Amino acid sequence: MVKRLQKSGLLMLAIFGAILLVGAVAFFHPTIHGHSSGGLNAGRAAEYDASRVDNATDRFGDGTPDFLRLDSPEDRDAFRRWFAVIAEYQALRPDKELPSEINDCAALIRYSYRNALHGHDEAWFQETQLHPPEALPSVGKYGYPHTSLGVALFRVKPGVYVPGDVRNGAFAEFADAKTLKSLNTFFVSRDIRQAQPGDLLFYFQLEQGSPFHSMIFIGRSQWPVDGESPQVDDIVVYHTGPVGKKPGEMRRVRVEELLHHPSPRWRPVEGNSNFLGVYRWNILKEAN
């Protein structure tokens, strides 16, 4: 009788332990517990992509796997609007409130890119202190950091996407302005009038220590500024990067101002060889 009770007790402990283990896995595994992204459950999206990363296609041959591309017009529009509103907000907030990681033009781009793909829930609003003037839908296909690439969103090695790229260092969290231009975006035009919100302007300035410089085209501002016409639709923002021994600063200007910049090398015109043109993110690329 005692042995039977002992066996019964051991069996109950084993069953109870199994239940606890399944519960722990469900809580800690991101593809089970999930993460709100304002659209499609990001946990489910990551699980969907993770099962296909080694067989993923790269239909444009630009190194960006198709599981990262934003296929729907709604997702592309959501990304553009969030990317622009996040970047512009950094130029409008007090310098002391600027996230410490934003210390040059590329850092501003990386910060805005990641957060545009993030799930925009209450925790995110509290962390970033950013509350857009109007409600914006989040990207639905996936939500950062629950992507099939994890947090390593930027291509840093040239070449078409191939099996193993997720694990061989082809993608990273960090990418400088040159790498963002060459491996993560594509050329649109040297005509500034072709720029859309969320596009990037690239320059090559040999006069500077870091020759590649970038700006973000915002278009029409989503943040009301005293004294500014609501019809202004050519806003550009950028971080200067370090200037001498100073850390540099965020700037918000109009394209009209750049076109009449005192130094011709900063004018975004076709006749300026320092101006490389307008570039657009690979994840927004559409088939012709």
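W124 is buried, with a relative accessible area of 2%; buried means under 20% relative accessible area, exposed over 50% and partly exposed in between, with a 1.4 Å probe and protein chains only. The model is predicted, so local features need pLDDT of at least 70 and side-chain atom pairs count only at pLDDT 80 or more, while totals for chains, interfaces and linings use all residues. Residues are numbered from 1 along each chain as its sequence is written, and side-chain values use heavy atoms, with hydrogens and water left out. The protein has eight helices and eight strands, which are DSSP runs numbered from the N terminus (helices H or I, at least four residues; strands E, at least two).

**Confidence and overall packing**

- The average pLDDT of the protein is 85, and 81% of the residues score at least 70; pLDDT is the predictor's confidence in each residue, from 0 to 100.
- Over residues 1–8 pLDDT stays under 50, and the model has zero contacts beyond four places in sequence for them; contact means heavy atoms within 4.5 Å.
- Residues 18–49 also have pLDDT under 50 throughout, with 39 contacts beyond four places in sequence.
- Of the 288 residues of the protein, 48% count as buried.
- Among contacts with a separation of 6 or more, 63% come from residues 24 or more positions apart.

**Aromatic pairs**

- The whole structure contains 15 aromatic pairs; rings of Phe, Tyr and Trp (its six-membered ring) pair if their centres lie within 6.5 Å, with planes under 30 degrees apart counted as stacked, over 60 as edge-to-face and the rest as tilted.
- W82 and W124 form an edge-to-face pair, because their ring centres are 5.4 Å apart and their planes stand at 85°.
- W82 lies in helix α4 (residues 73–92) and W124 in helix α6, so this pair ties together parts that are 42 residues apart in sequence.
- W82 counts as buried, at 1% relative accessibility.
- The pair of Y113 and F154 is tilted, because the ring centres are 5.1 Å apart and the planes are at 45°.
- Y113 belongs to helix α5 and F154 to strand β1 (residues 154–155), so the pair ties together parts that are 41 residues apart in sequence.
- Both Y113 and F154 are buried.
- One aromatic cluster is formed by F79, F83, Y113, F154 and W281.

**Cavity and pocket**

- There is one cavity of 30 Å³ or more in the structure; on a 1 Å grid over the protein atoms alone, a cavity is a set of points where a 1.4 Å probe fits but cannot get out, a pocket is an open set with protein on both sides within 12 Å along at least five of seven lines, and lining residues have an atom within 4 Å of a point.
- The largest cavity holds about 50 Å³ of space; grid points are joined across faces, edges and corners, and a volume is the space filled by probe spheres set on the points.
- T64, L68, Y113, L153, R155, F171, N184, W281, N282 and I283 line the largest cavity.
- That lining divides into six nonpolar, three polar and one charged residue; Ala, Val, Leu, Ile, Met, Phe, Trp, Tyr, Cys and Pro count as nonpolar, Asp, Glu, Lys and Arg as charged, and the others, Gly among them, as polar.
- The second largest pocket has a volume of about 180 Å³.
- Its lining includes R93, E97, Y111, R114, W124 and Y144.
- Elements giving two or more residues to the lining of this pocket are α5 (105–116) and α6 (122–128).
- By class, the lining of the second largest pocket has four nonpolar, three polar and five charged residues.

**Helix α7**

- Helix α7 (residues 177–184) is mostly covered, with six of its eight residues buried.
- The buried residues of α7 are A177, T179, L180, K181, L183 and N184.
- Their cover includes α5, β1, β3 (185–189), β4 (200–204), β5 (212–219) and β8 (275–281).

**Two single residues**

- R80 is in helix α4 and counts as buried, at 12% relative accessibility.
- Leaving out residues up to four places away in sequence, R80 touches Q196, P197, G198, D199, R280 and L284.
- P247 lies in the loop between β6 (235–239) and β7 (250–254) and counts as exposed, at 61% relative accessibility.
- With the sequence neighbours up to four places away left out, P247 touches N103, H239, G241 and P242.
- P247 and N103 are 144 residues apart in sequence and 7.0 Å apart in space, C-alpha to C-alpha.
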